Amino acid sequence: MHKILLKGGQPLQGSIPIGGAKNAVLPILAAGLLTDEPVTLDNVPDLADVHTMKALLETHGMTVERTGDRHHRLTLSTKAISNHTADYELVRKMRASVLVLGPLLAREGIAKVSLPGGCAIGQRPVDLHLKGLEEMGAEIVLERGYIHAEARDGLRGGQVALAMPSVGATENILMAATLAKGETVITNAAREPEIVDLAACLTSMGALIEGAGSATIRVQGVPTLHGAKHRVVADRIELGTYAIAAAITGGELKLIGGRSALINSLIEKLVEAGVMVTNDGEDLVIACKGGRPIGVDAMTQPYPGFPTDLQAQFMSLMCIADGAAMITESIFENRFMHVSELGRMGAKITVHGGSALVRGVERLHGAQVMATDLRASVSLILAGLAAEGETEIRRVYHLDRGYEKVDEKLRGCGAVIERVKE
Ligand code: UD1
């Protein structure tokens, strides 16, 4: 196991390349199960979650190869599905594993997938995924921790009205619908850029999809999909995290390939807080005018609202704000584990239900802290970058699930940060 040591107080200066989106590539990898032809993906981030998904897909008969000399290119090929069961041992490592359910069922008419169980940030059920697939003719039984799903004569189009715009449910149903007989209409669909990217990849595989990115998605099923090439969209959460890194250290960063349209909701908050944000062609430049940011409230919401995956990072920034900020989490019921760790670094935060009142302090101070989940761990790095003295962060394996070379990227911009064996 590794831990991260860092010394705060250094304004970051320089450029950081933004990688492909973890949350886009995971469903797109699962979509590779829908065809027996090769699918080539570019801009695939090198992350622990991608390795976990690869290991799971290999158990279903997919081969996943790094092709060409390009580090971030993968070619997937699933000539035949060799196994219909997604085992608990792999699914429990990563909730997104449940995304193999729709593709397996659509291509084979049968799937057995372990229930993912709870996770640190809340219960996170999959009832909406299952209801949607039932609407398309699947018979589903839950037994001994597994989802048993069958559609012996194939899935048929259906009317799927989601009770809430779940990202994963929209993706599972969208993938399943591409090979169903007839038209599927998903209403109250999630509108995240990762859904748009999945739909773009499926479309280049021959799927007929309209409306991805809006609340109503229409899919005309086709008998088969074919091979394709696709470039994964930029990771808006990585982009937002480094934007906050520039702001919290009072530095200036150019975020290469970071399309600002992906994080408008964060940019609005940063500008309100007094941070300068400019577009430089395809890149985004974040700079500070000096002084502390102003306290600004934020509430997480489905896209295009403020992303829950940037809530912890924004809270770190508000910890050193001039004034107070009310941060409300409306997506997950238990996503404030970083609060007590930030408290160890001198932050003044009071939680009432789903809201955290952050009273800005002039300075945080370094401390020994523990990462509890992916986004919480990076919020501690951000706080450490702004803090006086040394911070030690344990359990950084959470970080490797979603950030490629975070320590290297930050070091390249002047941060004093190293990863050492515990
Ligand atoms: C995805 C992202 C995750 C992000 C989240 C919200 C991936 C791999 N992960 O997770 O990083 O934080 O979107 O933007 O893309 N819900 C149900 N029943 C269901 C499904 C969801 O009640 O069947 C609830 C969840 O408990 C949660 C809310 O809906 O409260 C949103 O969850 P969802 O959008 O499904 O998140 P994920 O797809 O799991």
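User: Are lysine 3 and glutamate 392 buried or exposed?
Analyst: This is a predicted model, and its computed accessibilities settle the point. Buried means under 20% relative accessible area. Lysine 3 and glutamate 392 both count as buried.

User: What joins the side chains of lysine 3 and glutamate 392, and at what N to O distance?
Analyst: A salt bridge needs a side-chain nitrogen of Lys or Arg within 4 Å of a carboxyl oxygen of Asp or Glu. Lysine 3 and glutamate 392 meet in such a salt bridge, with an N to O distance of 3.5 Å.

User: How many residues apart are lysine 3 and glutamate 392, and in which strands do they lie?
Analyst: Lysine 3 belongs to strand β1, residues 2-7. Glutamate 392 belongs to strand β23, residues 390-394. The pair therefore links distant parts of the chain, at a separation of 389 residues.

User: Which residues join Lys3 in one network of salt bridges?
Analyst: Some salt bridges share partners. Through them Lys3 is joined into one network with Glu392, Arg394 and Glu422.

User: How many salt bridges does the count come to?
Analyst: The cut-off is a nitrogen-to-oxygen distance within 4 Å. By this rule the count is 19.

User: Why does glutamate 89 count as partly exposed?
Analyst: Glutamate 89 meets arginine 92 in a salt bridge of 3.0 Å, N to O. Partly exposed lies between the buried limit of 20% and the exposed limit of 50%. Arginine 92 falls in that class at 45% relative accessibility. Glutamate 89 does so because its relative accessibility is 42%.

User: Where do aspartate 400 and arginine 419 lie?
Analyst: Their closest N and O atoms are 3.0 Å apart, in a salt bridge. Aspartate 400 is partly exposed at 26% relative accessibility, and arginine 419 is partly exposed at 25%. The two are 19 residues apart: aspartate 400 in helix α13 (residues 397-400), arginine 419 in strand β24 (residues 416-421).

User: What is the strand order of the open sheet of four strands?
Analyst: β4 and β5 are joined by four bridges and run antiparallel. β3 and β14 also share four bridges, but run parallel. The pairing is mixed, and the order is β4-β5-β3-β14.

User: Why is one side of β4 and of β14 left without a neighbour in the sheet?
Analyst: β4 (63-66) and β14 stand at the edges of the sheet. One side of each lacks a neighbour because each has a single partner strand.

User: By how much are neighbouring strands of this sheet turned against each other on average?
Analyst: The figure ignores strand direction. Averaged over neighbouring strands, the turn is 20°.

User: Which residue in β5 is the bridge partner of valine 64?
Analyst: β5 covers residues 74-77 and pairs with β4. The bridge partner of valine 64 there is leucine 76.

User: Which strands does helix α1 touch, and what angle does its direction make with that of β5?
Analyst: Helix α1 spans residues 22-31 and packs on the sheet. Nine of its 10 residues are buried, including Val25, Leu26 and Ile28. The helix touches β3, β5 and β14, and its direction makes about 35° with that of β5.

User: Which side chains of strand β14 are buried?
Analyst: Side chains alternate along residues 228-231.

User: How many helices and strands does the protein have, and what is its radius of gyration?
Analyst: The secondary structure comes to 14 helices and 24 strands. The globule rule gives 22 Å for 422 residues, so the protein is as compact as a globular protein of that length. Its radius of gyration is 22 Å.

User: What percentage of the 422 residues is buried?
Analyst: The protein exposes about 16600 Å², with 49% supplied by carbon and sulfur atoms. The C-alpha trace spans about 65 × 50 × 40 Å along its principal axes. Buried residues make up 56%.

Terms used: Residues are numbered from 1 along each chain as its sequence is written. This is a predicted model: local features need pLDDT of at least 70, side-chain atom pairs count only at pLDDT 80 or more; totals for chains, interfaces and linings use all residues. Side-chain values use heavy atoms; hydrogens and water are left out. Buried means under 20% relative accessible area, exposed over 50%, partly exposed in between (1.4 Å probe, protein chains only). Two strands pair if DSSP finds at least two bridges between them. Axes are lines fitted to C-alpha atoms, for helices over the stretch in contact, and angles run from 0 to 180 degrees between N-to-C directions. Contact means heavy atoms within 4.5 Å. The radius of gyration is taken over C-alpha atoms; the globule rule is 2.2 Å times the number of residues to the power 0.38. Accessible areas come from the Shrake-Rupley method with a 1.4 Å probe; for residues, only the protein chains shown count as cover.
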